[in-house]
Amino acid sequence: MTSLLETPVRAAADHLTLRRGAARVLLTNWTGSSTVPSRGLYPHQWSWDSAFIAIGLRHLSVRRAQRELESLLGAQWADGRVPHIVFSPAVPLDAYFPSPDFWRSSTAGAPAGAPAGTETSGIVQPPVHALAAWLVHEADPEASRGRGFLPRVYDRLVAWHDYLTGDRDLGGGGLAAMVHPWEPGMDNSPCWDGPLRRVEPAAPGSYRRADLDHGQASERPTDLDYGRYVRLASDYRDGGYADVRGSHAFAVEDPCVNALLIVSEHALARIAAETGADPSPHEARAERLTAALVERLWSPADGMFLCRDLVGDELIPERSVAGLVPLVVPGLPRHVVDALLDTVSGPAFRLGEVPMAPSYDFAGHAFDPSRYWRGPAWFNTNWLLERGLRLYGRPRTADALRTAMLDAAGASAFAEYVDPETAEARGTRAFGWTAALTLDLLAAARPASGDNGPGTPAIGVRA
């Protein structure tokens, strides 16, 4: 029997019904202090999920959106890292793998300052959090000031960015590096196929994949890839979660991660000004990061940004949606913007021809419309593209994408991801950030004014 949460709704016909459906997902997934992405497949708190969820929750409850971010940042390590999972002690160990007894954060992570009383993973995810905090504040500034929300999170967010631009500058070029495919958030992207070939997978009998209890194998990463993920995570754990240049079998600079860091650095400048701190260090860092992003990851031949493999110190010749996300970064060189806009609508991603941009090049050798990040369209990356299109003067294209996303969210029962051509549901249903970003798109809906030039929002997104 299909549950109420898994019942499709007609987005274009009834936005009120869509809003109620999205709100129901977030209320059902709320645990009392945070929101799980999915009650079955993802029963703990995930880092960038919580940031996107907070952006949507602000339209239902500003207090709850604040709590979402505060609970995540409460598990921050002393070195500044925000872990990609905060584990709930109420969830059985066998409900998700890798579980707390695999990561052993409170013991193996002690040298890096992992909290003693909260179990987490030892890796990170993309830094959307300062952006989310600013948007939550903007939803109700008076209530935010009354609770002292921004002063409470500001120092933690600064420490988070300091960690990414310090310990994680493994390439020495100023960008943050990721040391596991789970960290950029696009777990099994074809971008990682080459770097992963260097990794000997963990023995199949040494772990059990809990994800296949809740998802189809044809839509999830392969066993070979999963074995390599386990190997990388266990090696990082056994090394005390230390970030040492040249010691990682997998180390990449990802354009999506660094674009979100830049946008969040701009948000930190606003937070600093609001709290009485000096915004200029954040503005300067955002400028340096933007220059480094273009210098190290821009590929003129591809008309988009590519990931850089730090072990071989070369760009990875795979075209994923991560290379388009920098459209949210303000102040990009005009030739970069023009090329990105051409690539978004060109044969690789076909936005305008298909409802939503795929996670990987349609013409790519590894394209698969159903398998996780190897082709399906995701709501968070398309939400970011929608903002970038508005920032750089394509409101009609952004409006069409917004409408397609709302239709897909309703028809798919807020699916984790969808087929990029048909928008047919893939992955789990009643997914947290799909519901949350649906609420944000509904709240921000506005008519197009024509594609007549670049817009000027200061941090690349609407408040």
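**Close-up views of a predicted model**

View 1. A nonpolar core here is a set of buried Ala, Val, Leu, Ile, Met, Phe, Trp, Tyr and Cys residues joined through side-chain atoms within 4.5 Å; buried means under 20% relative accessible area with a 1.4 Å probe, protein chains only. Helices (H or I, at least four residues) and strands (E, at least two) are DSSP runs, numbered from the N terminus. Leaving aside neighbours within four places in sequence, Leu340 is in contact (heavy atoms within 4.5 Å) with Trp298, Gly303, Met304, Phe305, Gly323, Leu324, Leu327 and Leu332.

A word on the source: this is a predicted model, where local features need pLDDT of at least 70 and side-chain atom pairs count only at pLDDT 80 or more, while totals for chains, interfaces and linings use all residues. Residues are numbered from 1 along each chain as its sequence is written, and side-chain values use heavy atoms, with hydrogens and water left out.

View 2. Ring pairs link Tyr42, Trp46, Trp48, Phe52, Tyr96, Tyr372, Trp373, Trp378, Trp383, Tyr417, Phe431 and Trp433. The model has 27 aromatic pairs, counted where ring centres of Phe, Tyr and Trp (its six-membered ring) lie within 6.5 Å. Arg220 lies over the face of Tyr372, one of the cluster members, at 4.5 Å from the ring centre. The charged end of Arg237 sits over the ring of Phe102, 4.8 Å from its centre. For such a placement, NZ of Lys or CZ of Arg must be within 6 Å of the ring centre and within 35 degrees of the ring normal.

**View 3. Helix H3 is mostly covered.** Of the 12 residues in H3 (residues 62-73), 9 are buried, among them Val62, Leu69 and Leu73. The buried residues pack against strands S1 (45-46) and S2 (85-86), and against helices H2 (47-57), H6 (129-139), H7 (141-147) and H8 (149-165). From first C-alpha to last, H3 reaches 17 Å, close to the 16 Å expected; the expected span is 1.5 Å times one less than the number of residues.

View 4. His282 lies in H12 (residues 280-297) and has a relative accessible area of 7%. Beyond its neighbours within four places in sequence, His282 contacts Tyr154, Val158, Glu265, Leu268, Ala269 and Ala272. Arg296 is also in H12, with a relative accessible area of 14%.

**View 5. Three strands make an open antiparallel sheet.** The order is S9-S10-S11. Strands S9 (377-378) and S11 (425-426) are at the edges, each with a single partner strand, so one side of each has no neighbour in the sheet. S10 (residues 417-418) joins S11 through 2 bridges, and Val418 has Ala425 as its bridge partner. Two strands pair if DSSP finds at least two bridges between them.

View 6. Most residues other than glycine have a negative phi, and most peptide bonds are trans. Asp313 has a positive phi of about 50 degrees, in the loop between S7 (308-309) and S8 (314-315). Ala413, with phi near 60 degrees, sits in the loop between H15 (395-411) and S10 and is buried at 2% relative accessibility. The peptide bond from Phe97 to Pro98 is cis.

Terms used. Phe/Tyr/Trp six-rings, centres within 6.5 Å; stacked < 30°, edge-to-face > 60°. Buried < 20%, exposed > 50% of the residue type's maximum accessible area, 1.4 Å probe, protein only.
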